[in-house]
Amino acid sequence: MSDQEKNKSAFIAIVGRPNVGKSSLLNSMLGQKVSIVSRKPQTTRTRIMGVLTEGETQLVFIDTPGLLQPRNRLGEYMVRSVVESVSGVDTCLLVIEAGKKISRSAQELIDRFRSQNMPAVLAINKIDLLRDKSGLMEQIASVSRLYDFEAVVPVSARTGSGIEELKQELSNLAEPGGHFFDDDTLTDQPERVIASEIVREKLLRLLSAEIPHGIGVVVEHMSERASGGDITDIFATIYCEREAHKAIIIGKSGAMLKQVGTLARRDMEQFFGCRVNLKLWVKVKENWRNQQSALRVMGYDASGFDA
């Protein structure tokens, strides 16, 4: 039997409402961080692909933004990312939170599964936060009545509990026909996008709740230094929507921007495996989330969507 006949694969969209831990779950299954995470909703803005190859099976995950009610063009782009992802995959992995009632957005996704006769696996995340796990079986029974899921798996992306069981259930849905990517592929994200997302993650974690939703990051320059030394120069611009926000991002005597840069550089060096010289600038671009040209520059380009 040839490798093409022996190897199996599946494209899987990870979907759910904001802040249920979809990106953390993806990183946990991959064993490496490819998608930024924070406690703030809407951390993930676009589709991020992660590839897991174990033996004959390759799982291609598409991490999607949380399904929300759009308030601007960026929000509309994020919703279309979810809709496109659900339509173009073999299987969906719906993530909900342990101990919480099924959300309206999760119910909308289940309705979409039903209309498309889409195979789906349900992951009940954050079981480590349950003080009393006696209600978990009742939650499993309750959500199982909503749709004929291929499997329902309680997991904790934080502790790793249930992750191997979840990967096995998803692997069971892979179909023969070969692998779509080289076996050592981890993600399809360009290095510039990964670098900009790392900076944005640090901003989300360090700044107050209001400012991060109006922040975008663009890597203007990224190249290995010609003089050698295994150093990569990365120059990035942080865009915000108000002068007051710019002052907060920079901080007193530049302290906040320095902290963001230090944490981002450390993660970049770990991910790219080289020394990084990171330079950050902050600029104001009012209402950029409603400007198509600005969205395109920042990588939120909807022109590739079918719908």
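Predicted model: local features only at pLDDT ≥ 70, side-chain atom pairs only at ≥ 80, totals over all residues.
## Strand S5 and its surroundings

Strand S4 (residues 91-97) and S5 run parallel, with 6 bridges joining them. The protein chain has 307 residues, 51% of which count as buried, and its secondary structure comprises 10 helices and 10 strands.

**Strand S5 and its cover**

- S5 spans residues 120-125 and is mostly covered, with 6 of its 6 residues buried.
- The cover extends to both faces: Ala120, Leu122 and Ile124 are buried on one side, and Val121, Ala123 and Asn125 are buried on the other.

**Neighbouring strands and crossovers**

- From S4 the chain passes through helix H4 (residues 104-116) to reach S5, making a right-handed β-α-β crossover.
- S5 also pairs with strand S6 (residues 151-154), in the parallel sense and over 4 bridges.
- In that pairing, Ala123 stands opposite Val153 in S6.

**Salt bridges around Glu97**

- The salt-bridge count comes to 15.
- One of them joins Glu97 to Arg17, with the closest N and O atoms 3.0 Å apart.
- This pair links distant parts of the chain: Glu97 lies in strand S4, while Arg17 sits 80 residues away in the loop between strand S1 (8-15) and helix H2 (22-30).
- Is Glu97 buried or exposed? Glu97 counts as buried because its relative accessibility is 12%, under the 20% cut-off.
- Arg17, at 27% relative accessibility, counts as partly exposed.
- Glu97 also meets the side chain of Lys126 in a salt bridge (3.7 Å, N to O).
- Here too the pair links distant parts of the chain, with Lys126 in the loop between S5 and H5 and Glu97 in strand S4, 29 residues apart.

- Glu269 and Arg265 form a salt bridge whose closest N and O atoms are 3.8 Å apart.
- The two residues are separated by about one helical turn, because they lie 4 residues apart in helix H9 (residues 255-272).
- Glu269 is partly exposed at a relative accessible area of 25%, and Arg265 is partly exposed at 31%.
- Elsewhere, salt bridges with shared partners join Arg17, Glu97, Lys100 and Lys126 into one network.

**The chain as a whole**

- Among contacts between residues at least 6 apart in sequence, 71% join residues at least 24 apart.
- The protein chain exposes about 15,200 Å², and carbon and sulfur atoms supply 46% of that area.

Terms used: Residues numbered from 1 in each chain as written. Heavy atoms only, no water. Buried < 20%, exposed > 50% of the residue type's maximum accessible area, 1.4 Å probe, protein only. Pairing = 2+ DSSP bridges. Right-handed = clockwise from strand over helix to strand, strands pointing away. Contact = heavy atoms within 4.5 Å. Areas by Shrake-Rupley, 256 points an atom, 1.4 Å probe, with all protein chains shown as cover. Salt bridge = Lys/Arg side-chain N within 4 Å of Asp/Glu carboxyl O.
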